[in-house]
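I opened a new page for this protein and wrote down what I looked up, entry by entry.

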Amino acid sequence: ADVPQVDAATAEVLRIEAGLPRWGAELLETTIPLEASLERAISYTKGCYIGQEVIARATHRGQLQKKLAGLLLGELTPAPGTELRRGEKKAGWVGPPVRSVKLGQQIALGYVQRDSQTPGTVLELAGGGTATVAELPF
């Protein structure tokens, strides 16, 4: 079968539109796989492994403090790591933005606090402007 070839920039847009986090962009050393919607990568039956206690605690608690979300940015291009705020409260951070032709605006993946994850929630960007939470995949 012929596989379409795309350049790296197009692949990055498609990745973000699909809601797939990437190591070094939205996946950091401090990211828990459950926060990044990577449940499929976790074994609950395997023997001991590094990070197993954290996963077990988060699974049994039932709710995470933050979770990967889509962010609609209009024409804004915030720097990766820009803080999201809801009033005076920190609400998360933004990953690298890209221009989505499909959506006609800048979009990004980011991590959003539990009380701000509802699609349509408008959050302030540190440095000015707003981001609107969107369901993944975009």
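**Entry 1: Thr31**

I began with the neighbours of Thr31: apart from residues up to four places away in sequence, Thr31 touches Glu26, Ala36 and Tyr111. I note here that the model is a predicted one. Is Thr31 buried or exposed? Its relative accessible area is 17%, and the cut-off for buried is under 20%, so Thr31 counts as buried. The side chain of Thr31 reaches the backbone nitrogen of Leu28 at 2.9 Å.

**Entry 2: the whole chain**

I stepped back to list the elements. The protein has two helices and seven strands. Read from the N terminus, their order is α-α-β-β-β-β-β-β-β. I computed a radius of gyration of 16 Å, close to the 14 Å that the globule rule gives for 138 residues, so the protein is as compact as a globular protein of that length. I also noted the box that the C-alpha atoms fill, roughly 50 × 45 × 20 Å along the principal axes.

Next I went through burial, contacts and surface. Of the 138 residues, 38% are buried. I took the contacts between residues at least 6 apart in sequence, and 60% of them join residues at least 24 apart. The protein exposes about 8200 Å², and carbon and sulfur atoms supply 56% of that area. For the charges, I compared the mean position of the 15 positive ones with that of the 15 negative ones and found them 6 Å apart.

**Entry 3: helix 1**

Which residues of helix 1 are buried? I listed Glu12, Val13, Arg15, Ile16 and Glu17. I then looked for what covers them, and the cover includes strand 4 (98–100) and strand 5 (105–113). After helix 1 comes Gly19, and I noted that its phi is positive, near 75 degrees.

**Entry 4: Gln105**

I moved to strand 5, where Gln105 has its place. With a relative accessible area of 17%, Gln105 is buried. What does the side chain of Gln105 reach? I found the backbone nitrogen of Gly74, at 2.8 Å. I set aside the neighbours within four places in sequence and listed the contacts of Gln105: Leu72, Leu73, Gly74, Glu75, Val98, Arg99 and Ser100.

**Entry 5: Val101**

I looked up Val101 in the loop between strand 4 and strand 5. Val101 is exposed, at a relative accessible area of 76%. I took one distance from it: the C-alpha atoms of Val101 and Leu38 are separated by 26 Å, and the two residues are 63 residues apart along the chain.

**Entry 6: Lys67**

How far is its C-alpha atom from that of Glu12, 55 residues apart along the chain? The separation is 20 Å. Lys67 has a relative accessible area of 23%; buried needs under 20% and exposed needs over 50%, so Lys67 is partly exposed. Leaving aside neighbours within four places in sequence, I listed its contacts as Leu34, Glu35, Ser37, Glu39, Gly110, Tyr111, Val112 and Gln117. Tyr111 was already in my notes as a residue that Thr31 touches.

Technical notes:
Residues are numbered from 1 along each chain as its sequence is written. This is a predicted model: local features need pLDDT of at least 70, side-chain atom pairs count only at pLDDT 80 or more; totals for chains, interfaces and linings use all residues. Side-chain values use heavy atoms; hydrogens and water are left out. Helices (H or I, at least four residues) and strands (E, at least two) are DSSP runs, numbered from the N terminus. The radius of gyration is taken over C-alpha atoms; the globule rule is 2.2 Å times the number of residues to the power 0.38. Buried means under 20% relative accessible area, exposed over 50%, partly exposed in between (1.4 Å probe, protein chains only). Contact means heavy atoms within 4.5 Å. Accessible areas come from the Shrake-Rupley method with a 1.4 Å probe; for residues, only the protein chains shown count as cover. Lys and Arg count as positive and Asp and Glu as negative; His and the chain ends are not counted. The place of a charge is taken as NZ of Lys, CZ of Arg, CG of Asp or CD of Glu. A polar contact is a pair of N or O atoms within 3.5 Å; within protein, one must be able to donate a hydrogen and the other to accept it, and residues adjacent in sequence count only if both atoms are side-chain atoms.
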